[in-house]
Amino acid sequence: MDKLVYTAATGLRAQMAAQAAIANNMANASTTGFRADRVVFDRITLSDGTQALSARQPTAEEVTDADRTPGALQQTGRNLDVAMTGNDTWMTVQASDGSEAYTRRGDLSVTQSGTLQTGDGYLVMGQSGPITIPPYQSLSIAGDGSISIVPLGAAATETTVIDKIKLVSDKGSTTVKGLDNLLHVKGGGNLPENLDAKLASGALEGSNVDMTKALVDMVENQRSYEVQANLLKEAKSMDESSASLMRLPT
């Protein structure tokens, strides 16, 4: 009885976590550069140090990574829009805690203070820290991430390279997607700059969420949740039946 209740309870918790991840994916179906969450279910085996204990095997759920499938490329013509080419190319940003993190979101903008940031507010990192752009009359971003401007008051031909976006590759590294929707190196650390990485200027990469698949996953997950809930109801019914048999006649 305890095994049935314990397994069903952990199963319900796992299905709720999966439902939250699916809902998050659906909510970000139109978010630039978004990578869909991947939830993996596993069976935890308990042990007393000498052998596995089969009495209780709860279900563990975890958002282990993001779907690395590339999203569709959309041409915008905007000079501050960039899309990473190559599925393992990522743009370096400064996470909320000040550490390096990585994103595929390329809808950039220049703040009033001159810093370059992504559409979700993270500072874009250059060769020696967050990129700051001086006042300009025109700006362009080259395929290697180099940022050039024509300063205010200068002739149109007087182009100056002010910095270069730090582009990295996650190939061969263990990385995980955080709750901030950014890619992080597992265990901490930074990815090395990839000098061969390229950008497509005037374009954005869309979300890779497949809405049809997400809807199917949501229905299947809901059905699994109902199965676990029915197990709990059955356990309650069995418990009540057992208690009734144990009552002494008055």
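Author: A search of the whole structure finds 10 salt bridges (a side-chain nitrogen of Lys or Arg within 4 Å of a carboxyl oxygen of Asp or Glu). This is a predicted model, in which local features need pLDDT of at least 70 and side-chain atom pairs count only at pLDDT 80 or more, while totals for chains, interfaces and linings use all residues. Residues are numbered from 1 along each chain as its sequence is written, and side-chain values use heavy atoms, with hydrogens and water left out.

Reader: Which residue meets R68 in a salt bridge?

Author: Side chains of opposite charge can pair when their charged atoms come close. Here the N to O distance is 2.4 Å. R68 lies in the loop between strand 4 and strand 5 and its partner in the loop between strand 15 and strand 16, so the pair ties together parts that are 102 residues apart in sequence (strands are DSSP runs of E, at least two residues, numbered from the N terminus). The partner is D170.

Reader: Is D170 buried or exposed?

Author: Buried means under 20% relative accessible area, exposed over 50% and partly exposed in between, with a 1.4 Å probe and protein chains only. R68, at 21%, therefore counts as partly exposed. D170 has 9% relative accessibility, so D170 counts as buried.

Reader: What is the bridge partner of S140 in strand 13?

Author: Strand 12 (residues 136–141) and strand 13 (residues 146–151) run antiparallel and are joined by 5 bridges (two strands pair if DSSP finds at least two bridges between them). In strand 13, the partner of S140 is S148.

How values were computed: Helices (H or I, at least four residues) and strands (E, at least two) are DSSP runs, numbered from the N terminus.
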